[in-house]
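Q: Please take a close look at one part of this model. I would like to understand the interface between its domains.

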Amino acid sequence: MNATMIQFFHWYSEGNGKLWKEAEKQAAHLAKLGITSVWFPPAYKGTNGGYSVGYDAYDLYDLGEFDQKGSLPTKYGTRNDYLKAIKALKKQDIGVIVDIVLGHKAGGDELEKFKAVKVDENNREKIISDVIEIESYTQFTFPGRGKKYSDFEWNFTCFSGVDFAEGMDSHIYKIQSEYGNDWEEMIDDEKGNYDYLMYNDIEHRNPFVREELNTWAEWYFNLTDFDGVRLDALKHISFDFYKEWLTMLRSNSGKNIFAVGEYWAPGQLNLLQKYIDVTEGCMSLFDSSLQNNFHTASNEGGSYDLRRIFDETLTQADPMHSVSLVDNHDTQPLQDLEAPVESWFKPLAYALILLRENGYPCVFYPDLYGAHYTDKGGDGNDQEIFLEKVDGIEELLIARKDHAYGEQRDYFEDANCLGWTREGDDEHSGCAVVLSNKEAYSKPMEIGKRYAGKKFHDLLKRMEDEVIIDENGWANFPVPAGNVSVWISE
């Protein structure tokens, strides 16, 4: 069966411990739609306890088990709820992809004094102060958990930089330690060196840190039997670290753990390819360039040349390492990387990632279920956002599960109308797909002589009339203006 992932959360997912229970309830439905893996949000306690989305990681061992940071459960539920959700998904043969945040830690328990230098925020290689002594929350003792599962305590030698110093202005401070007074090596020179992202930046050159993160990963796997990992913020973490970490995880688990990383670089395919090269292909990456193309196409409408939709994308250049997506928690409205795909274009975008042979598609939770949330602005100007469920998303998923197989023939000769056919295989009948970002269109395409005389109908019900395949395996497949049609045989 075709592999299909879902990101089963968004930035503003409902709290109160409901997400894990919802996932448990939705497991059978997701399986019917052809979902083969679920990407869960970070499951460990963040510095804001039951309010944390999870990317402000505090205690990696606390999966909603200990009374820490103001709550026992995480935003998504308790450890028991989490394990029950995983069990329910695996019962439906759905794999679980866990979100891994190993670039920084937040919410330290105690202050420590140590030496550091201030660096320029826009050029972290530029030192703008003498060596000074500062005090920051770099001591992590986890008093709520104690020594259960691990007796490792974090201190300032476990970090390369902080953005908080007691009694001083907020700034980026580079910690001076035995493991290096420079930042770790990155593959690009953005901001001079973009090792530092936020909070307490983890020092991966510290061998005790590496050992602890390897030990934790083995513990996490033994507890949950996860099938894959989503690696957060690769742009800010040593690529050598993740090569070693994944090798150790796969060795210790005895399982070929799938890995997909977030290296967000829209329009910079060269950086995605460089990262894959330096990490020796040990992980896939999200195709941020394709997502950006979708965003642009949805805003430009009929003036966008659809023949360019896969230009400079990982899905086209290296499909074996590409996880394709339409939107995610970072691109959704009100986020820092906001670049949403307009609703009219989303069915077209999903057809492009779900019904073609290249890439591993990832569906975004609000696109399947819809979402409504309010961002409470500090100035009192609340913003209410409604994200509509994508029109025809279930049908597109069913089409991927049942029909997107076999030889693919592309008809990309028109700037405003793309088409392709999948001939099917011994177990699946094929499909024909047509999409337009302008006027209505009828595209002649070959789907194969095996379908000669067969009637095809539009699974999405955009078109009412049937299409009959001629003796040579060809037919004219229509599509409404600014829409998509998916044709399957009776």
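A: A word on terms comes first: the domain bounds used here come from an automatic or database domain assignment. The model itself is predicted.

Start with the layout. The assignment gives domain 1 as 5-101 + 207-398. Domain 2 covers 406-489. Their C-alpha centres are 32 Å apart.

Next, the contact between them. Domain 1 contributes 20 residues, which touch 23 residues of domain 2. A contact here means heavy atoms within 4.5 Å. The size of an interface is often given as the accessible area lost when the parts come together. For domain 1 and domain 2, the buried area is about 1,800 Å². Carbon and sulfur atoms account for 62% of that area.

Two salt bridges cross between domain 1 and domain 2.

Which helices build the domain 1 side? Helices α8 (346-354) and α10 (393-403) each supply at least two residues to the side that touches domain 2. The most comes from α8, with four residues. By class, that side of domain 1 has 11 nonpolar, three polar and six charged residues.

Technical notes: Residues numbered from 1 in each chain as written. Predicted model: local features only at pLDDT ≥ 70, side-chain atom pairs only at ≥ 80, totals over all residues. Heavy atoms only, no water. Buried area = accessible area lost by both parts, 1.4 Å probe. Salt bridge = Lys/Arg side-chain N within 4 Å of Asp/Glu carboxyl O. Nonpolar A, V, L, I, M, F, W, Y, C, P; charged D, E, K, R; others polar.
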